[in-house]
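Here is a short briefing on one protein chain. Keep the sequence and the 3D view side by side as you read.

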Amino acid sequence: MDWLITYHTATGLQKKVVVRAVALPNHKAVAQKIVMDAYGDEPPQPLGNLSAIDWLDRCGLEIVDIDLLKSQTAV
């Protein structure tokens, strides 16, 4: 299944990224996808031993919404 993650960047922009997961993705997977989408391979703060919530906070990112995308099946 595909999940549409809406988040705010450190500068206040609203962006969206898709995460593929069988069930609702866990917070760490969502955080990693958002940080990589926002900063590529150079996040301003490495994950280290931070929780996913602290990592997003220190990178200036905020999850706004998580929505299940409807699958497109042929009829």
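The protein chain exposes about 5,200 Å². Carbon and sulfur atoms supply 52% of that area. Keep in mind that this is a predicted model. The chain has 75 residues, and buried residues make up 27% of them.

**Overall layout**

- The secondary structure comes to 2 helices and 3 strands.
- Start at the N terminus and the elements run β-β-α-α-β.
- The C-alpha trace spans about 45 × 25 × 20 Å along its principal axes.
- Take the contacts in the chain with a separation of 6 or more: 46% of them join residues 24 or more positions apart.

**The sheet**

- Strands of a sheet pair through backbone hydrogen bonds, either parallel or antiparallel.
- Here the 3 strands form an open sheet in the order β2-β1-β3, and the pairing is antiparallel.
- β2 (14–20) and β3 (62–68) each have a single partner strand, so one side of each lacks a neighbour in the sheet.
- From one strand to the next, the twist averages 25°.
- Helix α1 (residues 27–39) packs on the sheet and touches β1, β2 and β3.
- The direction of α1 makes about 130° with that of β2.

**Strand β1 and its two partners**

- How many bridges join β1 to β2? There are 7, and the two strands run antiparallel.
- Strand β1 covers residues 2–8, and its antiparallel pairing with β3 has 6 bridges.
- Tyr7 can be traced to both sides: it stands opposite Lys15 in β2, and its bridge partner in β3 is Ile63.
- Thr6 has Lys16 as its bridge partner in β2.
- Trp3 has Leu68 as its bridge partner in β3.
- β1 is mostly covered, with 5 of its 7 residues buried.

- β1 and β2 form a hairpin with 5 residues between the strands.
- Gly12 in this hairpin takes a positive phi near 95°.
- Thr9 lies in the loop between β1 and β2.
- Is Thr9 buried or exposed? Its relative accessibility is 14%, so Thr9 counts as buried; the cut-off for buried is under 20%.
- The side chain of Thr9 makes a polar contact with the side chain of Thr11, at 3.1 Å.
- Set aside the neighbours within four places in sequence, and Thr9 is in contact with Lys15, Gly60 and Leu61.

**The nonpolar core**

- In soluble globular proteins, nonpolar side chains tend to be buried together.
- The largest nonpolar core in this model has 16 residues.
- Which residues have the most contacts inside this core? They are Ile5, Ile34, Val35, Trp55, Leu56 and Leu61.
- At least two core residues come from each of β1, β2, α1 and α2 (52–58).
- α1 gives the largest share, with 4 residues.
- Look at Trp55, leaving aside its neighbours within four places in sequence: its contacts include Ala31, Gln32, Val35 and Met36.
- Trp55 is also in contact with Pro43, Gln45, Pro46, Leu47 and Leu50.

**Pro43, between the helices**

- Pro43 lies in the loop between α1 and α2.
- Its relative accessibility is 24%, so Pro43 counts as partly exposed. That class lies between the 20% cut-off for buried and the 50% cut-off for exposed.
- Beyond its neighbours within four places in sequence, Pro43 is in contact with Val35, Met36 and Trp55.
- Pro43 and Arg58 are 15 residues apart in sequence, and their C-alpha atoms are 10.0 Å apart in space.

**What to find in the view**

- Find β1 between β2 and β3 in the sheet order.
- Then find α1, which packs on that sheet.
- Next, pick out Trp55, one of the residues with the most contacts inside the largest nonpolar core.
- From Trp55, look across to Pro43, one of its contacts.
- Finish at Thr9, in the loop between β1 and β2, and find its side-chain contact with Thr11.

How values were computed. Residues numbered from 1 in each chain as written. Predicted model: local features only at pLDDT ≥ 70, side-chain atom pairs only at ≥ 80, totals over all residues. Heavy atoms only, no water. Pairing = 2+ DSSP bridges. Axes fitted to C-alpha atoms, helices over the stretch in contact; angles between N-to-C directions. Contact = heavy atoms within 4.5 Å. Buried < 20%, exposed > 50% of the residue type's maximum accessible area, 1.4 Å probe, protein only. Polar contact = N/O pair within 3.5 Å; in protein donor to acceptor, adjacent residues only side chain to side chain. Core = buried A, V, L, I, M, F, W, Y, C linked by side-chain atoms within 4.5 Å. Areas by Shrake-Rupley, 256 points an atom, 1.4 Å probe, with all protein chains shown as cover.
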